[in-house]
Amino acid sequence: GAKRVTLLGLGAMGTALAEALLAKGYGVTVWNRTPGKAASLVAKGASQADSAGAAVAASELVLVCLLDYQSVHDVLCDAQPELAGRAVVNVTNGTPGQARELAAWASERGATYLDGGIMAIPPMIATAEAFFFYSGAQAVFDAHRDALDVLGESHYLGEEVGLAALYDLALLGGMYGMFMGIAHAYALVGAAGESAGSLAPFLARWLVGTDAMVVGTADRIDRQDYTTDVVASLAMQSAGYVNHFVAAEEQGISAELLAPLDPLMKRLVAAGQGHADMAAVVELLNTRKEGN
Ligand code: NDP
């Protein structure tokens, strides 16, 4: 079939997506609010549309990669008459609720909608490291899979359109949590005059080892069984956790990035869960659950 793709948004990410498609021989029509950003892509063979509507009219597949959902609404509102019959694939970062709302809006205008989450930074696009989550219209995913696979490894999660944003935010949340630990670790040794580089190889080795924690925690949650063979009980970890605060005080750093976990562990120990695994903390985070 015609290998045509329209791309709305030429920021750092949109430009990387357009370049990847051009490199694979796709006919790419681009539009960006600031038109000058299209110059390098036009030099590589892209067609530049002079309005978002003209860009949407140019291809059945419309990739949207803008700053946030407000900008997506601004841009797609201008292209409303052209949306009917289009397959809109929006990879702009957002929430599950925003994805559901936009999917309904697009469907009212005759477009089919697939939501996407990009698990990569621009230089990783079209390399083996990049992967994408998709959810929503499976027909769009199936019909345009070849173009989507150019960008990175595609993972279709289901018709529930909020799933891609949900998985995307879950991975980012995990990353930011890990960054909090990394920042704390470097602040602690730095306050004692140790270079970050002297800790780095050990920290990297330690964190890579936590993949067992990722898998083991999932297994306990899915079995709803937080018992442990008492190699690392909550009671033991909770008792030792105070050392982070005492050491931070001794070294003159703030332990605020580690602080939120402390009361959660204490609550479980006080409730008689001291024998359990740390994974039990997850149960406390569900604010719709009785008692939380
Ligand atoms: P940039 O800040 O580089 O680009 C933002 C884009 O949005 C530009 O094209 C900008 O247009 C456009 N824009 C912003 N506001 C409006 C508006 N009101 N109307 C029309 N256009 C608007 O961001 P990125 O390209 O890096 O990111 C794009 C999306 O990709 C984001 O949702 C981001 O979260 C996601 N993403 C980015 C990653 C990254 O590492 N960069 C990684 C994973 C996801 P203009 O040029 O005119 O300013």
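## Around the ligand

By class, the ligand's shell holds ten nonpolar, eight polar and four charged residues; here Ala, Val, Leu, Ile, Met, Phe, Trp, Tyr, Cys and Pro count as nonpolar, Asp, Glu, Lys and Arg as charged, and the others, Gly among them, as polar. In total, 22 residues surround the ligand, and the closest are G11, R33, T34, S71 and N93 (a residue is near a molecule if its C-beta atom, placed from the backbone, lies within 6 Å of it). Two or more residues of this shell come from each of α1 (12–23) and α4 (69–78); helices (H or I, at least four residues) and strands (E, at least two) are DSSP runs, numbered from the N terminus.

## About the model

This is a predicted model, where local features need pLDDT of at least 70 and side-chain atom pairs count only at pLDDT 80 or more, while totals for chains, interfaces and linings use all residues. Residue numbers start from 1 along each chain as its sequence is written.

## The sheet

Now to the strands. Eight of them form an open sheet with mixed pairing, in the order β3-β2-β1-β4-β5-β6-β7-β8 (two strands pair if DSSP finds at least two bridges between them). β3 (47–48) and β8 (153–156) are the edge strands, each with a single partner, so one side of each has no neighbour in the sheet. β8 pairs with β7 (residues 131–136) in the parallel sense over four bridges, and F131 has E153 in β8 as its bridge partner.

## The annotated domain

From an unreviewed UniProt entry comes "domain: 6-phosphogluconate dehydrogenase NADP-binding", listed for residues 5–154; such annotations may be inferred rather than shown by experiment. Over residues 5–154, the chain is 40% helix and 23% strand, with the end C-alpha atoms 17 Å apart.
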